[in-house]
Amino acid sequence: MRAKYTGASLLALVTVAWLLPAGQGDAARPARAASVDASRLMNAASEPGNWMTHGGTYAEQRFANLTQINSSNAGKLGLVWSYDLDTNRGQEATPLVIDGVMYTTTAWSKVVALDAATGKVKWRYDPEVVKDRGHAACCDVVNRGVAAWGGMIFLGALDGRLIALDAATGKVKWSVVTVDQKQPYTITGAPRVVKGKVFIGNGGAELGVRGYVSAYDAMTGKKLWRFYTIPGNPANGPDHEVSDSVLKAKAGDTWFGKYWEAGGGGTVWDAIVYDQEMDRLYIGVGNGSPWNHQIRSQGKGDNLFLSSVVALDPNTGKYLWHYQGTPGESWDFTQTQPIILATIKIDGKPRKVLMQAPKNGFFYVIDRETGKLISAKGFVPQSWANGVDMATGRPNEVPEARYRKAAALVTPSALGAHNWHPMAFSPKTSLVYLPAQEVPFAYQTDASYSHKPGAWNIAVVAAINAPPNDRAATKAVRSILKGELLAWDPATQKEVWRVNHDGPWNGGVMATAGNLVFQGSARGHFSAYDAANGKTLWDFDAQTGVMAGPVSYTVGGVQYVAVMAGYGGAYPLSTGYGDGPERVAPNGRVLVFKLGGTAKLPPRDDAPMPPANPPKDVFTPQQIAQGSLLFEGNCGVCHGAGARSTGILPDLRRSAMLSDKEGWSAVVHGGLLQPQGMISFAKWFSKDEIEAIRAYVGVQAKYLASEDAAGAGKAGGH
Ligand code: CA
């Protein structure tokens, strides 16, 4: 018998469908995977059950307009499923969830498509990035996510490829190389797609590259335009790209000396945000290369467009306007941190604004219509500047912070008052939720600097930041390293509430219409906070640091919250103050929660670290001193300042090779472990220099052994 609908029941069905939040009627969606087009992306806010683009919608507010999970029931959240990853390297991706399928990336630029309700694998894709490329990654072999369009998933791979995958199968549709792979470029950022164009930037400004953003045709992979953020070597003539005219007119005169030798920097490694109201693209531009303005540009000039937000025409790449937060950048003050677009009331009037809290510690509110700065306020203590001159938009600098004549302890610093970790904006509370941190760094000009192609090139002496071999002193430094979740009112530029974390490098943030804020922590918590007052409503032990941005979505009318767990990135790898050196860091996971979820993680099975292995050889003080400079300037960025590893990359103080001169040389000079990503340093260092590095790590290993013997290991801090 054929089902017949009466007029009344049909009306009832239509009414029910109308009442259901869009995106929850998932059964009605087309069967084609990742069926995302211009109309769906422009109207993404009307599909709160999906998370179709990096920041949730083009405005990138990371606000889930879902209320099933809310501040009255968040305590009932439980794990539904988890998916184990194959590495303990950092996980930074924001998953996309489209019509019940989750697409996420992992360390080493791998992609996985999972059933968003069950965690069942649909497909996996590994671009097989050659492990050597890890050396070019300043801040771990991370990836922050994919973009979707027209049944395809787009990935920026660490080695500079932009790859289009069939969303149904994970098969490659096209792949293009977006960088000169002979140079130390990397891609860690998520592509964005607007009206059939894929936008992708790159990183590498610590090693020496010139930054740009490119647009490719989503269907074919054909390059459409490229915008260089800084001038190239004038001797090479114009680039024949859309940036030529503005670089000549505005940027050329702001650079001095042979700035092109180390590339100059200005990489667009994170924020690329589309303003659908203005049909504009905002790109966040990174730091200078090398960091040191004295060396990069003879200490002169603003060096446009370093450390700026630049507005472009997405159709052509043409320059529209810019705002530079740190003229003459000299501290690795990138301004590529996440950008949020919103309309907020300021002094009673609705204003279309762009909000950004870059590394330099200022929270900027910029008028999107004019590009004019509305307000800027320090959200953490700043020693490099006293506010911003609103007449010029320039910071009131503290001259000594430029370390021209003497070293200067500066806060915030290269680790940033806020790094890549996503912030969120709730239109319900009109607050921005910001993962902030306080990490000073001592800057000193490297008088012996010369550009070494492909190596670490910052022209700053890193060694003076190595943790002291003294327990009390280390503890004292630790106590000034802070991390906090700030609820910030952008209209008044005031803090409303804060959660103080135990140290820096805490997770990205998502806000929801259920009056909740979700954030992970470096210490392995994943928590829900009351959006109004910061009260902790729920807490989950993720067994490893959670840094990535959470998402929320619905499948079959059920609301889920998902986040990537996995510790890594610049702070834990490089500072020597990351946590947990006595255990090998566990592998990452995808974690998914719902109300009443009952799944459990298996017990943590991470292995203890091997003991310290100091060499018996006798080294000269000169060897040790030379080794200290070489290690801290080149090796510490991955293996930890002071050789204090967080257990993510090998702790060299415990390495079997450390007590074996020939073995050490075979690895560091001979490239024995190249297949695992430990490249040969023979092109930069002699065998004697490599032996000096062993001498220095040996001293650090001796100190570790003495601390372990004293039973200090379990207390951390070494
Ligand atoms: Ca940088």
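Begin by selecting Glu60, which sits in the loop between α2 (38–42) and β1 (63–64); helices (H or I, at least four residues) and strands (E, at least two) are DSSP runs numbered from the N terminus. The model is predicted, so local features need pLDDT of at least 70 and side-chain atom pairs count only at pLDDT 80 or more, while totals for chains, interfaces and linings use all residues. Residues are numbered from 1 along each chain as its sequence is written, and side-chain values use heavy atoms, with hydrogens and water left out.

**Positive phi angles**

At Glu60, phi is near 55°, a positive value in a residue other than glycine. Glu60 has a relative accessible area of 7% and is therefore buried. The classes are buried for under 20% relative accessible area, exposed for over 50%, and partly exposed in between (1.4 Å probe, protein chains only).

Next, select Asp99 in the loop between β3 and β4 (101–106). Asp99 is not a glycine, yet its phi is positive, about 50°. With a relative accessible area of 18%, Asp99 is buried.

**Salt bridges**

The structure holds 29 salt bridges, each being a side-chain nitrogen of Lys or Arg within 4 Å of a carboxyl oxygen of Asp or Glu. Display the side chains of Asp86 and Lys110, which meet in one of them at 2.6 Å, N to O. This pair links distant parts of the chain, 24 residues apart: Asp86 is in the loop between β2 (77–84) and β3 (96–98), and Lys110 is in strand β5 (residues 110–115).

Move on to Asp502 and Arg523, whose side chains form a salt bridge at 3.3 Å, N to O. Asp502 lies in the loop between β32 (494–501) and β33 (509–512) and Arg523 in the loop between β34 (516–520) and β35 (525–530), so the pair ties together parts that are 21 residues apart in sequence. Asp502 counts as exposed at 55% relative accessibility, whereas Arg523 is partly exposed, with a relative accessible area of 27%.

Which residues are linked in a network of salt bridges? Select Asp275, Glu277, Lys352 and Arg368 together to display that network.

Select helix α3 (residues 244–251), where Asp244, Val246, Leu247 and Ala251 are buried. The buried residues of α3 pack against β14 (223–228) and β20 (319–324); contact means heavy atoms within 4.5 Å.

Then go to Leu373 in strand β24 (residues 373–378). Leu373 counts as buried, at 17% relative accessibility. Leaving aside residues up to four places away in sequence, Leu373 touches Tyr323, Tyr364, Val365, Ile366, Val388, Met390 and Gly393. A distance can also be drawn from Leu373 to Thr334, 39 residues away along the chain: their C-alpha atoms are separated by 18 Å.

**Cis peptide bonds**

Show the backbone between Leu304 and Phe305, which are joined by a cis peptide bond with omega about -5°. Phe305 belongs to the loop between α4 (293–297) and β19 (308–312). Another stop is the peptide bond from Thr411 to Pro412, also cis, with omega near -5°. Pro412 is placed in the loop between β27 (408–410) and β28 (424–426).

**Helices α8 and α9**

Select helix α8 (residues 661–668), whose buried residues are Gly663, Trp664, Ser665, Val667 and Val668. These buried residues of α8 pack against α9 (687–709). What caps the N-terminal end of α8? The cap is Asp660, with a side-chain oxygen 3.1 Å from the backbone nitrogen of Glu662.

In helix α9, select Glu691 and Arg694, three residues apart, about one turn of the helix. Glu691 and Arg694 form a salt bridge, the closest N and O atoms being 2.9 Å apart, and both residues are buried.

**The two domains**

Finally, colour the chain by domain: domain 1 is 16–440 + 480–595 and domain 2 is 621–715, with bounds from an automatic or database domain assignment. Their C-alpha centres lie 32 Å apart. At the interface, 21 residues of domain 1 are in contact with 22 residues of domain 2.

The two domains bury about 1700 Å² between them, 54% of it on carbon and sulfur atoms; buried area is the accessible area (1.4 Å probe) that two parts lose on being put together, summed over both. Across this interface the rule finds zero salt bridges.

Definitions and conventions
A polar contact is a pair of N or O atoms within 3.5 Å; within protein, one must be able to donate a hydrogen and the other to accept it, and residues adjacent in sequence count only if both atoms are side-chain atoms.
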